[in-house]
Amino acid sequence: MALAIRRFAAGEGPLFRQIRIDALTASPETFAMTLAEELKREPQFYADHLSLWPVWGVFDGETPVGMAGLNRHTGVKTEHKGVLWGMFLAADHRGSGAAAGLIETVLTGARDMGLRQVHLTCAETNPRALALYRRLGFAQYGLEPSALRQPDGVFINDVLMVREL
């Protein structure tokens, strides 16, 4: 079955929760949230989030296998900026073009919201994702040292990137 990219509907909180758990299980080192923290969230959190901010998914049939969210800055001077967050695609779908398609869908959503910039952070230890973001027009503007502390005490730097729309 072909993969489909679409926005999660407000009533799809359980599916959103599942892909978040899948992402944190598969790639814990690349996310600021831990699986234990995620599992403490009440089911209503996911429904509330979907009603406030757009989150898109990559679906294999009815099963989400990828996701990315977009939050908008709310200050008068910064409301032209958004943040792409939570980017994830299951390993068996990487290299299919779905990740690029998902990011392009998020960027279209950002344009539709009237945004002029989309920011993101990416773990410096994830060269494949960094290459994808660069290929899609994101540019590095900084590096946050020791952004993510791993359970073993190792720190990972985050690459700060932006895409002008």
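A salt bridge, defined as a side-chain nitrogen of Lys or Arg within 4 Å of a carboxyl oxygen of Asp or Glu, is formed by Arg41 with Glu38, and the closest N and O atoms are 3.3 Å apart. The model is predicted, so local features need pLDDT of at least 70 and side-chain atom pairs count only at pLDDT 80 or more, whereas totals for chains, interfaces and linings use all residues. Residues are numbered from 1 along each chain as its sequence is written, and side-chain values use heavy atoms, with hydrogens and water left out.

Relative accessible area is classed as buried (under 20%), exposed (over 50%) or partly exposed (in between), with a 1.4 Å probe and protein chains only. Arg41 is partly exposed at 25%, whereas Glu38 is buried at 0%. Salt bridges that share partners join Arg20, Glu38 and Arg41 into one network. Helices (H or I, at least four residues) and strands (E, at least two) are DSSP runs, numbered from the N terminus.

The structure holds 3 salt bridges, one of which is formed by Arg6 with Glu12, with 2.8 Å between the closest N and O atoms. The charged end of Arg6 also sits over the ring of Phe59, 4.0 Å from its centre; this arrangement requires NZ of Lys or CZ of Arg within 6 Å of the ring centre and within 35 degrees of the ring normal. Likewise, the charged end of Arg41 sits over the ring of Phe45, 3.9 Å from its centre.

Phe45 and Phe59 belong to one aromatic cluster that also includes Phe8, Phe16, Tyr46 and Trp85. Rings of Phe, Tyr and Trp (its six-membered ring) pair if their centres lie within 6.5 Å, and planes under 30 degrees apart count as stacked, over 60 as edge-to-face and the rest as tilted. A search of the whole structure finds 6 aromatic pairs. The rings of Phe16 and Tyr46 have centres 5.6 Å apart and planes at 85°, so this pair is edge-to-face. Both Phe16 and Tyr46 are buried.

In helix 5 (residues 127-135), the buried residues are Ala129, Leu130, Leu132 and Tyr133. On the other side of helix 5, Pro127, Arg128 and Arg135 are exposed.
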